[in-house]
Amino acid sequence: MLELRDLSLTYAGRTVLASLSAHLQGGQVTAVLGPNGAGKSSLLRLASGEQPPGAQVGGEVLFRGRNLAGIDLAIKARGMAVLPQQSHLDFAFRAREVVMLGRTPHRTGLAADREVVADALAAVDAAHLADRPYPQLSGGEQQRVQLARVLAQAWHAESEEGALLILDEPTSALDLAHQQQVLALLRRRAGAGDAVLLALHDLNLAGSYADQILLLAQGRLCALGSPEEVLREDLLQEVFGLPFHRVAHPARDGSWLVY
Amino acid sequence: MRHLTPRALGLALALLLPLALFVALVVGPQLIHPFTEGGIAGTDRAILLQIRLPRALLAALVGGTLAVSGVMMQGLFRNPLADPSLIGVSAGASAGASLVIVLAAGFLGGPELLGISLVAIGAFLGAVLTTSLVYRLSVGVTGASVATMLLAGIAISALAGAINSFLSYVADNHMLRQISLWQMGSLGGASWGRVAFAVVVLLPLATLFSRFSGSLNVLLLGESEARHLGVDVARLKRQLITLVALAVGVAVALSGTIAFVGLVVPHIVRLLIGPDHRFLIPCATLAGAALLVLADALARWVLAPAELPIGVVTAALGAPFFLSLLRRRAGVSG
């Protein structure tokens with residue numbers, strides 16, 4: 001669904017991303033990992049078609065086989081939904097109205113849209129927040145409402161191909177239970193045919209839910225592959241500068257990273 | 001936080017506006033009783049048809065335009081405290097008007113086309129020129145930056161203010177009085193010609209504005225969020241700035257600078273019904289129209305037979321109301 005070809009990004013001579021290539025398919029969750037400043041957000045921005053001001057961009061992004069830069073914004077918005085790391089909204093929309101804005105690119109009618117909004121809010125455990133003014137919500141609640149907005153945009157996408165969800169640290173403000181809930185939800189979206197690209201900090205969360213992990217360090221692609229291939233003790237120690245131990249999970253199958 | 005449904009407020013305002021127009025017809029240096037036996041005739045009839053009716057209608061058109069332009073600017077800047085003067089419209093209009101008053105002193109009160117004086121034309125050109133200058137300064141490689149636009153607006157407004165001060169300095173007493181009266185705003189020049197001009201220019205603009213409600217709602221989420229939801233943000237900014245400059249330029253040319261309406265009416269309406277532009281745009285337009293009609297009626301009546309500048313009345317009426325709303329809101333949320 002999304003192909004990154006030899007992407008690079010430099011700001012006034014400083015390299016932020018260097019010759020990065022990757023392929024995302026419908027049905028897959030791809031997690032981008034790496035320390036602060038590794039280029040995770042820059043990668044997600046380029047993948048979503050944003051042109052950072054004052055930067056030099058090399059390579060190209062293909063969305064459904066076409067160059068992303070040439071796709072009409074309104075058409076793109078029907079197939080790709082993006083959650084930035086931070087969104088600032090001072091105006092006192094109710095939570096349900098914020099989520100409804102996610103339906104703007106679609107022409108599915110008010111009744112269908114209301115249903116999608118209710119479903120999306122329920123999916124992120126925010127149905128009880130629907131009538132609350134957005135600025136009065138807590139940070140984690142706001143993040144879930146914004147996530148519901150992005151889900152609503154990708155819900156019942158008009159194409160058969162499934163949608164692309166690009167999420168920059170969608171769990172950064174969430175408690176542990178909601179982190180698991182959101183990742184499980186994204187897993188289900190992928191199961192329905194969507195492609196998910198997200199930046200994360202929690203390696204175990206990525207290891208438990210992602211099909212493909214993209215490990216970045218200083219703008220370079222260190223490793224790309226399945227969680228087993230990428231989450232290696234030596235590689236992680238090199239990238240994060242911490243000793244990692246991979247141990248068997250005491251309660252269920254699979255391994256767990258401790259540090 | 002919200003006190004009314006948009007439908008209730010819309011209905012109330014749709015009733016208030018005709019009522020305000022009615023009051024404006026009755027009230028003035030000479031009270032005209034609307035239900036006189038045998039109908040209104042003679043001087044009263046002339047006052048009604050030639051003076052008060054065009055004046056009230058012009059007030060409604062100008063007030064609605066200023067308020068809806070305020071809505072557009074607050075949405076565009078994603079800031080509930082923005083108003084059209086931020087992009088240099090008011091300062092530019094003042095400078096343009098002063099320039100004409102000083103340079104063309106000999107012709108004043110002379111030629112008028114459709115009731116539009118030379119001063120009005122100067123004000124309109126000043127408004128449009130300053131705004132286009134502000135916009136050009138803020139356009140970079142990635143389109144217009146709202147933050148740069150704000151700063152450019154402040155700088156260019158200061159420059160226009162300097163020109164204005166210089167012109168006031170070189171003006172003689174008569175010109176000076178004209179300049180300062182113009183800056184306080186007045187609907188005293190209302191005529192059927194001006195009303196016709198306002199109807200032809202401002203009504204189409206007002207209907208155009210309502211087409212932006214969906215895009216503006218999305219823009220409140222943020223510029224890149226709006227792009228990801230399919231809105232061409234650069235084009236939206238260009239179109240809105242152009243339309244607001246034209247609309248406010250015309251309004252200011254017809255009535256002088258009337259402060260406060262463009263800032264506070266949208267803000268008050270938003271406090272009452274929330275930020276959804278689909279309802280905010282029509283409600284603020286009606287509220288701005290009703291407010292200015294009432295304010296003008298008050299301006300004609302309080303010191304009758306003399307007239308208060310309308311800017312004084314709008315500020316005196318609206319500011320306390322606005323403050324009480326702010327205080328009540330602070331009490332609720334904090």
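Analyst: We go through the sheet, a helix and the chain contact. The model is predicted: local features need pLDDT of at least 70, side-chain atom pairs count only at pLDDT 80 or more, and totals for chains, interfaces and linings use all residues. Residues are numbered from 1 along each chain as its sequence is written, and chains are lettered from A and ligands numbered from 1 in the order written.

User: In what order do the six strands of the open sheet in chain A run?

Analyst: Strands of a sheet pair through backbone hydrogen bonds, either parallel or antiparallel. Strands here are DSSP runs of E, at least two residues, and helices are runs of H or I, at least four, numbered from the N terminus. Two strands pair if DSSP finds at least two bridges between them. The order in chain A is β6-β7-β8-β3-β9-β10, with mixed pairing. The edge strands are β6(A) and β10(A). β9(A) and β10(A) pair in the antiparallel sense over five bridges. Leu214(A) has Leu224(A) as its bridge partner.

User: Is α11(B) enclosed or open?

Analyst: A residue is buried if 20 or more other C-beta atoms, placed from the backbone, lie within 10 Å of its own; exposed means 12 or fewer, partly exposed in between. In α11(B), 13 of the 13 residues are buried, so this helix is largely enclosed by the rest of the structure. Just after α11(B), Gly274(B) takes a positive phi of about 95 degrees.

User: How many residues does each chain give to the contact?

Analyst: Residues are in contact if their C-beta atoms, placed from the backbone, lie within 7 Å. Chain B gives 20 residues and chain A gives 23. On the chain B side, the largest share, four residues, comes from α9(B).

Technical notes:
Two residues are in contact if their C-beta atoms, placed from the backbone, lie within 7 Å.
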